[in-house]
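Here is a brisk report on one protein model.

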Amino acid sequence: MRSRFILSHVLPLLLILPLIGVALIYLLETQILLQDLSANLTRQAVLIAATTNGRTDIWTNPQQAQAYLAQFDDQLDVQVSLLSASGDYLAATDDDALPLVRPTPDLPSLNAGQRQVAVTYRPDEQSATIYVPVVDVNQHVLGIVQVSDQLESVASSFTRLSQFVLLVLAVALAASMLLGLILALRLERPIGAVTTAVADIATGQRSEPVPETGTRETKKLAQSVNLLTDRLRELEETRQRLLANLVHEIGRPLGALKAAVNVLRDGAGNDPALREEFLAGMDNTISRMEPLLDDLAGLHGQILGNISLNRQTIQLTDWLPALLPTWRAAAQEKGLVWRSDLPDQLSPLHADPDRLAQAMGNLVSNAIKYTPSGGRITIAAGETETEIWLQVGDNGPGIPAEEQELIFAAFYRSQRDRRFPQGLGLGLTIAREIVAEHNGRITLHSTPDAGSLFTIHLPR
(Lines give C-alpha, C1' and ligand atoms only; values in the text may rest on other atoms or scores of the structure.)
Protein backbone atom coordinates (compact mmCIF):
# COMPACT_ATOMS: atom_id res chain seq x y z
CA MET A 1 0.00 0.00 0.00
CA ARG A 2 2.84 2.36 0.80
CA SER A 3 4.46 1.83 -2.61
CA ARG A 4 1.14 2.46 -4.31
CA PHE A 5 0.69 5.69 -2.39
CA ILE A 6 4.19 6.80 -3.43
CA LEU A 7 3.57 5.82 -7.04
CA SER A 8 0.26 7.68 -7.07
CA HIS A 9 2.06 10.87 -6.00
CA VAL A 10 5.16 10.47 -8.19
CA LEU A 11 3.75 8.93 -11.38
CA PRO A 12 2.18 12.18 -12.68
CA LEU A 13 5.51 13.95 -12.14
CA LEU A 14 7.42 11.11 -13.84
CA LEU A 15 5.29 11.70 -16.92
CA ILE A 16 5.05 15.49 -16.81
CA LEU A 17 8.55 16.56 -15.75
CA PRO A 18 10.42 14.90 -18.68
CA LEU A 19 7.98 16.49 -21.12
CA ILE A 20 8.45 19.85 -19.44
CA GLY A 21 12.24 19.40 -19.58
CA VAL A 22 12.28 18.59 -23.30
CA ALA A 23 9.95 21.49 -24.10
CA LEU A 24 11.99 23.87 -21.92
CA ILE A 25 15.28 22.88 -23.53
CA TYR A 26 13.77 23.24 -27.00
CA LEU A 27 12.40 26.70 -26.17
CA LEU A 28 15.69 27.81 -24.65
CA GLU A 29 17.61 26.68 -27.69
CA THR A 30 15.29 27.99 -30.38
CA GLN A 31 13.67 31.03 -28.79
CA ILE A 32 16.50 32.35 -26.65
CA LEU A 33 19.91 31.12 -27.78
CA LEU A 34 19.28 31.19 -31.52
CA GLN A 35 17.42 34.47 -31.28
CA ASP A 36 20.26 35.97 -29.29
CA LEU A 37 22.72 34.61 -31.84
CA SER A 38 20.68 36.09 -34.68
CA ALA A 39 20.55 39.51 -33.04
CA ASN A 40 24.33 39.48 -32.51
CA LEU A 41 24.96 38.46 -36.11
CA THR A 42 22.61 41.19 -37.32
CA ARG A 43 24.58 43.83 -35.44
CA GLN A 44 27.86 42.59 -36.96
CA ALA A 45 26.38 42.48 -40.46
CA VAL A 46 25.08 46.05 -40.14
CA LEU A 47 28.50 47.27 -38.99
CA ILE A 48 30.29 45.51 -41.86
CA ALA A 49 27.74 46.87 -44.32
CA ALA A 50 28.35 50.36 -42.97
CA THR A 51 32.13 50.06 -43.55
CA THR A 52 31.58 49.28 -47.24
CA ASN A 53 30.02 52.68 -47.96
CA GLY A 54 32.01 54.38 -50.71
CA ARG A 55 33.73 51.13 -51.77
CA THR A 56 31.88 50.39 -54.98
CA ASP A 57 34.85 48.48 -56.34
CA ILE A 58 34.43 45.53 -53.99
CA TRP A 59 30.99 44.76 -55.47
CA THR A 60 32.38 44.44 -59.01
CA ASN A 61 35.82 42.94 -58.42
CA PRO A 62 36.06 39.61 -56.48
CA GLN A 63 39.77 40.20 -55.78
CA GLN A 64 39.06 43.56 -54.21
CA ALA A 65 36.21 41.98 -52.21
CA GLN A 66 38.48 39.21 -50.91
CA ALA A 67 41.18 41.69 -50.03
CA TYR A 68 38.61 43.79 -48.18
CA LEU A 69 37.49 40.82 -46.06
CA ALA A 70 41.07 39.75 -45.37
CA GLN A 71 41.53 42.68 -43.03
CA PHE A 72 38.76 41.25 -40.75
CA ASP A 73 40.05 37.64 -40.53
CA ASP A 74 41.67 38.12 -37.12
CA GLN A 75 38.77 40.14 -35.71
CA LEU A 76 35.74 37.99 -36.56
CA ASP A 77 34.74 34.60 -35.19
CA VAL A 78 31.89 34.26 -37.67
CA GLN A 79 31.75 33.61 -41.40
CA VAL A 80 31.33 36.76 -43.51
CA SER A 81 30.55 36.64 -47.22
CA LEU A 82 30.02 39.36 -49.80
CA LEU A 83 27.43 38.79 -52.53
CA SER A 84 26.66 40.83 -55.61
CA ALA A 85 23.24 42.33 -56.12
CA SER A 86 22.41 39.34 -58.31
CA GLY A 87 23.29 36.89 -55.50
CA ASP A 88 26.69 35.73 -56.81
CA TYR A 89 29.31 35.08 -54.14
CA LEU A 90 32.28 37.44 -54.47
CA ALA A 91 34.34 36.68 -51.35
CA ALA A 92 34.24 34.99 -47.96
CA THR A 93 36.35 34.94 -44.81
CA ASP A 94 36.61 31.16 -45.22
CA ASP A 95 36.88 30.06 -48.86
CA ASP A 96 36.27 26.42 -47.98
CA ALA A 97 32.87 27.32 -46.55
CA LEU A 98 31.57 28.89 -49.77
CA PRO A 99 29.96 25.72 -51.18
CA LEU A 100 28.29 25.03 -47.81
CA VAL A 101 26.68 28.42 -47.33
CA ARG A 102 22.92 28.11 -46.80
CA PRO A 103 20.14 29.06 -47.26
CA THR A 104 19.67 30.78 -50.62
CA PRO A 105 18.89 34.45 -50.04
CA ASP A 106 15.59 36.02 -51.03
CA LEU A 107 16.92 38.43 -53.70
CA PRO A 108 13.68 40.36 -54.36
CA SER A 109 13.38 41.28 -50.70
CA LEU A 110 17.05 42.18 -50.44
CA ASN A 111 16.95 44.29 -53.59
CA ALA A 112 14.00 46.10 -52.05
CA GLY A 113 16.32 47.12 -49.21
CA GLN A 114 14.99 44.68 -46.60
CA ARG A 115 17.15 42.63 -44.26
CA GLN A 116 16.79 38.88 -44.12
CA VAL A 117 17.28 36.57 -41.13
CA ALA A 118 17.37 32.83 -41.77
CA VAL A 119 17.58 30.40 -38.84
CA THR A 120 18.11 26.74 -39.67
CA TYR A 121 17.38 24.22 -36.91
CA ARG A 122 17.73 20.67 -38.11
CA PRO A 123 19.54 17.63 -36.69
CA ASP A 124 22.17 17.92 -39.45
CA GLU A 125 22.55 21.70 -39.32
CA GLN A 126 21.83 24.33 -36.72
CA SER A 127 22.81 27.80 -37.84
CA ALA A 128 21.79 31.42 -38.26
CA THR A 129 22.44 33.52 -41.38
CA ILE A 130 21.90 37.28 -41.74
CA TYR A 131 21.64 39.13 -45.06
CA VAL A 132 22.01 42.91 -45.04
CA PRO A 133 21.75 44.84 -48.35
CA VAL A 134 24.24 47.66 -49.05
CA VAL A 135 22.67 50.65 -50.87
CA ASP A 136 24.08 53.82 -52.39
CA VAL A 137 22.83 57.36 -52.00
CA ASN A 138 20.23 56.70 -54.68
CA GLN A 139 18.92 53.72 -52.72
CA HIS A 140 20.26 51.28 -55.34
CA VAL A 141 21.45 47.94 -54.00
CA LEU A 142 25.20 47.60 -54.60
CA GLY A 143 25.66 44.24 -52.84
CA ILE A 144 24.81 42.01 -49.94
CA VAL A 145 26.68 41.32 -46.71
CA GLN A 146 26.09 37.79 -45.38
CA VAL A 147 27.09 36.84 -41.80
CA SER A 148 26.65 33.20 -40.69
CA ASP A 149 27.48 31.22 -37.60
CA GLN A 150 26.93 27.65 -36.52
CA LEU A 151 25.31 26.65 -33.22
CA GLU A 152 28.64 25.22 -32.13
CA SER A 153 29.68 28.72 -31.20
CA VAL A 154 27.13 28.72 -28.39
CA ALA A 155 27.14 24.98 -27.78
CA SER A 156 29.09 25.28 -24.56
CA SER A 157 26.61 27.81 -23.16
CA PHE A 158 23.70 25.73 -24.32
CA THR A 159 25.21 22.56 -22.84
CA ARG A 160 25.64 24.22 -19.44
CA LEU A 161 22.11 25.57 -19.62
CA SER A 162 20.74 22.16 -20.57
CA GLN A 163 22.66 20.54 -17.74
CA PHE A 164 21.26 23.12 -15.31
CA VAL A 165 17.70 22.48 -16.54
CA LEU A 166 18.17 18.72 -16.22
CA LEU A 167 19.64 19.18 -12.74
CA VAL A 168 16.65 21.28 -11.66
CA LEU A 169 14.27 18.66 -13.06
CA ALA A 170 16.17 15.89 -11.28
CA VAL A 171 16.04 17.79 -7.99
CA ALA A 172 12.32 18.45 -8.50
CA LEU A 173 11.76 14.76 -9.21
CA ALA A 174 13.73 13.73 -6.11
CA ALA A 175 11.85 16.28 -4.00
CA SER A 176 8.54 15.02 -5.36
CA MET A 177 9.52 11.45 -4.53
CA LEU A 178 10.49 12.50 -1.01
CA LEU A 179 7.24 14.43 -0.62
CA GLY A 180 5.34 11.44 -2.01
CA LEU A 181 7.07 9.19 0.52
CA ILE A 182 6.16 11.55 3.39
CA LEU A 183 2.54 11.81 2.26
CA ALA A 184 2.36 8.06 1.71
CA LEU A 185 3.68 7.41 5.21
CA ARG A 186 1.19 9.89 6.68
CA LEU A 187 -1.62 8.06 4.92
CA GLU A 188 -0.31 4.55 5.48
CA ARG A 189 0.46 4.82 9.20
CA PRO A 190 -3.05 5.64 10.46
CA ILE A 191 -4.62 3.17 8.04
CA GLY A 192 -2.11 0.53 9.10
CA ALA A 193 -2.84 1.29 12.76
CA VAL A 194 -6.57 0.91 12.12
CA THR A 195 -5.97 -2.35 10.22
CA THR A 196 -3.89 -3.71 13.10
CA ALA A 197 -6.51 -2.59 15.61
CA VAL A 198 -9.31 -4.32 13.69
CA ALA A 199 -7.24 -7.50 13.48
CA ASP A 200 -6.56 -7.32 17.23
CA ILE A 201 -10.26 -6.75 17.90
CA ALA A 202 -11.11 -9.81 15.82
CA THR A 203 -8.78 -11.93 17.97
CA GLY A 204 -9.87 -10.32 21.24
CA GLN A 205 -6.47 -8.74 21.94
CA ARG A 206 -7.31 -5.06 21.44
CA SER A 207 -8.11 -2.80 24.35
CA GLU A 208 -6.28 0.50 23.73
CA PRO A 209 -7.90 3.17 21.52
CA VAL A 210 -6.47 3.90 18.08
CA PRO A 211 -4.70 7.31 17.87
CA GLU A 212 -6.94 9.69 15.90
CA THR A 213 -4.31 11.22 13.59
CA GLY A 214 -3.92 11.87 9.89
CA THR A 215 -6.44 13.29 7.46
CA ARG A 216 -10.05 13.99 8.27
CA GLU A 217 -11.09 10.67 6.73
CA THR A 218 -8.51 8.65 8.66
CA LYS A 219 -9.47 10.45 11.89
CA LYS A 220 -13.10 9.57 11.27
CA LEU A 221 -12.11 5.97 10.54
CA ALA A 222 -10.10 5.81 13.78
CA GLN A 223 -13.04 7.30 15.69
CA SER A 224 -15.34 4.65 14.24
CA VAL A 225 -12.94 1.87 15.23
CA ASN A 226 -12.63 3.32 18.74
CA LEU A 227 -16.41 3.48 19.03
CA LEU A 228 -16.58 -0.11 17.83
CA THR A 229 -13.96 -1.10 20.39
CA ASP A 230 -15.85 0.65 23.19
CA ARG A 231 -19.09 -0.95 22.09
CA LEU A 232 -17.56 -4.42 22.00
CA ARG A 233 -15.98 -3.82 25.40
CA GLU A 234 -19.34 -2.78 26.81
CA LEU A 235 -20.99 -5.83 25.29
CA GLU A 236 -18.31 -8.07 26.76
CA GLU A 237 -18.67 -6.46 30.18
CA THR A 238 -22.45 -6.79 29.89
CA ARG A 239 -22.09 -10.45 29.00
CA GLN A 240 -19.83 -11.06 31.97
CA ARG A 241 -22.19 -9.23 34.34
CA LEU A 242 -25.15 -11.11 32.92
CA LEU A 243 -23.45 -14.47 33.48
CA ALA A 244 -22.39 -13.50 36.99
CA ASN A 245 -25.87 -12.28 37.87
CA LEU A 246 -27.53 -15.33 36.37
CA VAL A 247 -25.23 -17.63 38.31
CA HIS A 248 -26.03 -15.76 41.49
CA GLU A 249 -29.77 -15.24 40.99
CA ILE A 250 -30.61 -18.62 39.50
CA GLY A 251 -27.98 -20.78 41.22
CA ARG A 252 -29.09 -19.87 44.73
CA PRO A 253 -32.81 -20.76 44.35
CA LEU A 254 -31.95 -23.86 42.33
CA GLY A 255 -29.74 -25.00 45.19
CA ALA A 256 -32.61 -24.47 47.61
CA LEU A 257 -34.99 -26.42 45.33
CA LYS A 258 -32.55 -29.31 45.09
CA ALA A 259 -32.13 -29.39 48.86
CA ALA A 260 -35.92 -29.49 49.30
CA VAL A 261 -36.25 -32.32 46.77
CA ASN A 262 -33.59 -34.33 48.60
CA VAL A 263 -35.40 -33.83 51.91
CA LEU A 264 -38.67 -35.03 50.40
CA ARG A 265 -36.94 -38.09 48.94
CA ASP A 266 -35.46 -38.92 52.34
CA GLY A 267 -38.94 -39.46 53.79
CA ALA A 268 -40.16 -36.02 54.73
CA GLY A 269 -42.79 -36.43 52.05
CA ASN A 270 -44.60 -39.03 54.18
CA ASP A 271 -45.69 -36.25 56.53
CA PRO A 272 -48.53 -34.39 54.72
CA ALA A 273 -48.02 -31.17 56.66
CA LEU A 274 -44.26 -31.16 56.14
CA ARG A 275 -44.64 -32.09 52.48
CA GLU A 276 -47.09 -29.21 51.96
CA GLU A 277 -44.72 -26.83 53.66
CA PHE A 278 -41.82 -27.86 51.42
CA LEU A 279 -43.96 -27.74 48.30
CA ALA A 280 -45.20 -24.26 49.21
CA GLY A 281 -41.63 -23.10 49.73
CA MET A 282 -40.58 -24.56 46.39
CA ASP A 283 -43.51 -22.83 44.69
CA ASN A 284 -42.54 -19.51 46.25
CA THR A 285 -38.94 -19.97 45.12
CA ILE A 286 -40.05 -20.64 41.55
CA SER A 287 -42.39 -17.64 41.70
CA ARG A 288 -39.50 -15.42 42.75
CA MET A 289 -37.52 -16.62 39.72
CA GLU A 290 -40.23 -15.60 37.25
CA PRO A 291 -39.36 -11.86 37.40
CA LEU A 292 -35.82 -12.75 36.34
CA LEU A 293 -37.20 -14.34 33.19
CA ASP A 294 -39.46 -11.35 32.62
CA ASP A 295 -36.49 -9.04 32.94
CA LEU A 296 -34.49 -11.08 30.42
CA ALA A 297 -37.42 -11.06 28.01
CA GLY A 298 -37.75 -7.32 28.48
CA LEU A 299 -34.03 -6.91 27.82
CA HIS A 300 -34.31 -8.77 24.52
CA GLY A 301 -37.38 -6.95 23.35
CA GLN A 302 -36.74 -3.47 24.67
CA ILE A 303 -33.06 -2.78 25.27
CA LEU A 304 -32.36 -3.83 21.70
CA GLY A 305 -34.93 -1.36 20.42
CA ASN A 306 -37.69 -3.79 19.49
CA ILE A 307 -40.46 -2.25 21.61
CA SER A 308 -43.88 -2.50 19.99
CA LEU A 309 -46.39 -0.01 21.40
CA ASN A 310 -50.14 -0.42 21.25
CA ARG A 311 -51.08 3.22 21.67
CA GLN A 312 -54.56 4.18 22.72
CA THR A 313 -56.25 6.92 24.67
CA ILE A 314 -55.81 6.36 28.42
CA GLN A 315 -58.04 8.05 30.95
CA LEU A 316 -55.39 8.52 33.63
CA THR A 317 -58.00 9.40 36.24
CA ASP A 318 -59.32 5.81 36.00
CA TRP A 319 -56.17 3.98 34.86
CA LEU A 320 -53.77 5.02 37.60
CA PRO A 321 -55.96 4.22 40.67
CA ALA A 322 -56.73 0.79 39.19
CA LEU A 323 -53.00 0.09 38.84
CA LEU A 324 -51.97 0.75 42.45
CA PRO A 325 -53.95 -1.64 44.74
CA THR A 326 -51.68 -4.63 44.13
CA TRP A 327 -48.57 -2.60 44.94
CA ARG A 328 -50.28 -1.00 47.95
CA ALA A 329 -50.98 -4.48 49.35
CA ALA A 330 -47.34 -5.50 48.81
CA ALA A 331 -46.12 -2.36 50.60
CA GLN A 332 -48.47 -2.80 53.54
CA GLU A 333 -47.52 -6.47 53.83
CA LYS A 334 -43.91 -5.36 54.28
CA GLY A 335 -44.90 -2.85 56.93
CA LEU A 336 -44.53 0.26 54.79
CA VAL A 337 -46.69 3.36 54.94
CA TRP A 338 -48.51 3.90 51.62
CA ARG A 339 -49.44 7.40 50.53
CA SER A 340 -50.94 8.53 47.23
CA ASP A 341 -51.59 12.08 46.05
CA LEU A 342 -53.66 11.82 42.87
CA PRO A 343 -55.70 14.71 41.44
CA ASP A 344 -59.41 14.25 40.73
CA GLN A 345 -58.87 15.06 37.05
CA LEU A 346 -55.97 14.30 34.68
CA SER A 347 -55.84 14.89 30.93
CA PRO A 348 -56.15 11.80 28.69
CA LEU A 349 -52.89 10.37 27.44
CA HIS A 350 -52.20 8.63 24.13
CA ALA A 351 -49.94 5.73 25.17
CA ASP A 352 -49.64 1.97 25.58
CA PRO A 353 -51.36 1.20 28.93
CA ASP A 354 -49.63 -2.16 29.44
CA ARG A 355 -46.12 -0.88 28.69
CA LEU A 356 -46.65 2.21 30.80
CA ALA A 357 -47.96 0.03 33.64
CA GLN A 358 -44.80 -2.08 33.34
CA ALA A 359 -42.58 0.99 33.66
CA MET A 360 -44.58 2.32 36.61
CA GLY A 361 -44.57 -1.11 38.23
CA ASN A 362 -40.78 -1.38 37.97
CA LEU A 363 -40.37 1.92 39.81
CA VAL A 364 -42.88 1.00 42.53
CA SER A 365 -41.41 -2.50 42.90
CA ASN A 366 -37.92 -1.07 43.43
CA ALA A 367 -39.22 1.42 45.99
CA ILE A 368 -40.95 -1.34 47.97
CA LYS A 369 -38.03 -3.74 47.67
CA TYR A 370 -35.35 -1.37 48.95
CA THR A 371 -37.28 0.59 51.59
CA PRO A 372 -36.89 -0.98 55.04
CA SER A 373 -39.89 -1.86 57.18
CA GLY A 374 -41.49 1.21 58.68
CA GLY A 375 -40.58 3.34 55.71
CA ARG A 376 -42.85 5.27 53.42
CA ILE A 377 -43.90 4.90 49.76
CA THR A 378 -45.44 7.94 48.03
CA ILE A 379 -47.29 7.94 44.71
CA ALA A 380 -48.20 11.27 43.08
CA ALA A 381 -49.34 12.58 39.71
CA GLY A 382 -49.99 15.93 38.06
CA GLU A 383 -49.69 17.91 34.86
CA THR A 384 -48.44 21.17 33.42
CA GLU A 385 -49.21 22.92 30.16
CA THR A 386 -46.74 20.72 28.29
CA GLU A 387 -46.48 17.40 30.16
CA ILE A 388 -48.02 14.88 32.53
CA TRP A 389 -45.86 13.55 35.36
CA LEU A 390 -46.04 10.44 37.53
CA GLN A 391 -43.92 10.18 40.69
CA VAL A 392 -42.77 7.30 42.87
CA GLY A 393 -40.96 8.28 46.06
CA ASP A 394 -39.56 6.50 49.10
CA ASN A 395 -37.56 7.34 52.21
CA GLY A 396 -35.19 4.41 51.83
CA PRO A 397 -31.37 4.43 51.75
CA GLY A 398 -31.17 6.70 48.69
CA ILE A 399 -28.67 6.59 45.85
CA PRO A 400 -25.21 8.24 45.83
CA ALA A 401 -24.81 11.08 43.31
CA GLU A 402 -22.11 9.24 41.38
CA GLU A 403 -24.46 6.29 40.79
CA GLN A 404 -27.66 8.13 39.89
CA GLU A 405 -27.03 7.90 36.14
CA LEU A 406 -25.36 4.50 36.23
CA ILE A 407 -28.37 2.76 37.76
CA PHE A 408 -30.24 3.10 34.46
CA ALA A 409 -27.59 1.03 32.64
CA ALA A 410 -28.36 -2.62 31.96
CA PHE A 411 -27.04 -5.07 34.60
CA TYR A 412 -25.67 -2.30 36.78
CA ARG A 413 -25.48 -3.05 40.48
CA SER A 414 -24.84 -0.45 43.11
CA GLN A 415 -21.50 -0.55 44.84
CA ARG A 416 -23.33 -0.14 48.16
CA ASP A 417 -25.04 -3.12 49.69
CA ARG A 418 -27.95 -1.06 50.93
CA ARG A 419 -29.24 -0.46 47.38
CA PHE A 420 -29.85 -3.07 44.67
CA PRO A 421 -28.37 -6.07 46.50
CA GLN A 422 -30.13 -8.54 44.21
CA GLY A 423 -31.77 -8.89 40.80
CA LEU A 424 -30.34 -8.55 37.31
CA GLY A 425 -30.35 -4.76 37.29
CA LEU A 426 -32.78 -4.42 34.37
CA GLY A 427 -35.90 -2.89 35.93
CA LEU A 428 -34.86 0.75 35.66
CA THR A 429 -33.31 0.19 32.22
CA ILE A 430 -36.55 -1.26 30.90
CA ALA A 431 -38.60 1.50 32.50
CA ARG A 432 -36.50 4.24 30.90
CA GLU A 433 -36.67 2.57 27.49
CA ILE A 434 -40.46 2.30 27.66
CA VAL A 435 -40.80 5.96 28.66
CA ALA A 436 -38.36 6.99 25.92
CA GLU A 437 -40.49 5.17 23.35
CA HIS A 438 -43.37 7.38 24.52
CA ASN A 439 -41.14 10.44 23.82
CA GLY A 440 -40.78 10.97 27.56
CA ARG A 441 -38.04 10.84 30.16
CA ILE A 442 -37.36 9.71 33.72
CA THR A 443 -35.66 12.00 36.22
CA LEU A 444 -34.24 11.09 39.62
CA HIS A 445 -33.70 13.15 42.75
CA SER A 446 -32.06 11.24 45.57
CA THR A 447 -30.03 11.92 48.67
CA PRO A 448 -28.21 9.15 50.56
CA ASP A 449 -30.12 8.15 53.72
CA ALA A 450 -33.02 10.46 52.72
CA GLY A 451 -34.80 8.47 50.02
CA SER A 452 -35.33 8.71 46.25
CA LEU A 453 -37.89 10.32 43.96
CA PHE A 454 -38.38 8.97 40.43
CA THR A 455 -40.50 11.07 38.05
CA ILE A 456 -41.90 9.96 34.69
CA HIS A 457 -42.40 12.95 32.34
CA LEU A 458 -44.73 12.34 29.39
CA PRO A 459 -45.64 14.95 26.76
CA ARG A 460 -49.31 15.91 26.63
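In the protein chain, residues 24 or more positions apart make up 64% of the contacts with a separation of 6 or more. A contact means heavy atoms within 4.5 Å. This is a predicted model: local features need pLDDT of at least 70, side-chain atom pairs count only at pLDDT 80 or more, and totals for chains, interfaces and linings use all residues. Residues are numbered from 1 along each chain as its sequence is written, and side-chain values use heavy atoms, with hydrogens and water left out.

**Whole chain**

The protein chain holds 10 helices and 12 strands. Both are DSSP runs numbered from the N terminus: helices are H or I with at least four residues, strands are E with at least two. Of the 460 residues, 38% count as buried. Buried means under 20% relative accessible area, exposed means over 50%, and partly exposed lies in between (1.4 Å probe, protein chains only). The chain exposes about 26,000 Å², and carbon and sulfur atoms supply 56% of that area. Accessible areas come from the Shrake-Rupley method with a 1.4 Å probe; for residues, only the protein chains shown count as cover.

**Salt bridges**

A search of the whole structure finds two salt bridges. The term requires a side-chain nitrogen of Lys or Arg within 4 Å of a carboxyl oxygen of Asp or Glu.

| Salt bridge | Closest N and O atoms |
|---|---|
| E383 and R460 | 3.5 Å |
| R441 and E387 | 3.9 Å |

R441 sits in strand 11 (residues 441-447) and E387 in strand 10 (residues 387-394), so this pair ties together parts 54 residues apart in sequence. R441 is partly exposed at 45% relative accessibility. E387 is buried at 17%.

E383 bridges to R460. That pair links distant parts of the chain, 77 residues apart: E383 is in strand 9 (residues 376-383), R460 in the segment after strand 12 (451-459). E383 is partly exposed at 29% relative accessibility. R460 is exposed at 51%.

**Surface**

Which residues form a nonpolar patch on the surface? They are L15, I16 and I20, with about 280 Å² of accessible area together. Patch residues have over 30% relative accessible area and no salt bridge; nonpolar side chains (Val, Leu, Ile, Met, Phe, Trp, Tyr) are joined within 5 Å, like charges within 9 Å. L15 lies in helix 1 (residues 2-51). Its relative accessible area is 53%, so L15 counts as exposed.

Q139 is in the loop between strand 4 (126-135) and strand 5 (141-150). Q139 is exposed, at 58% relative accessibility. Its C-alpha atom is 9.1 Å from that of A112, 27 residues apart along the chain.
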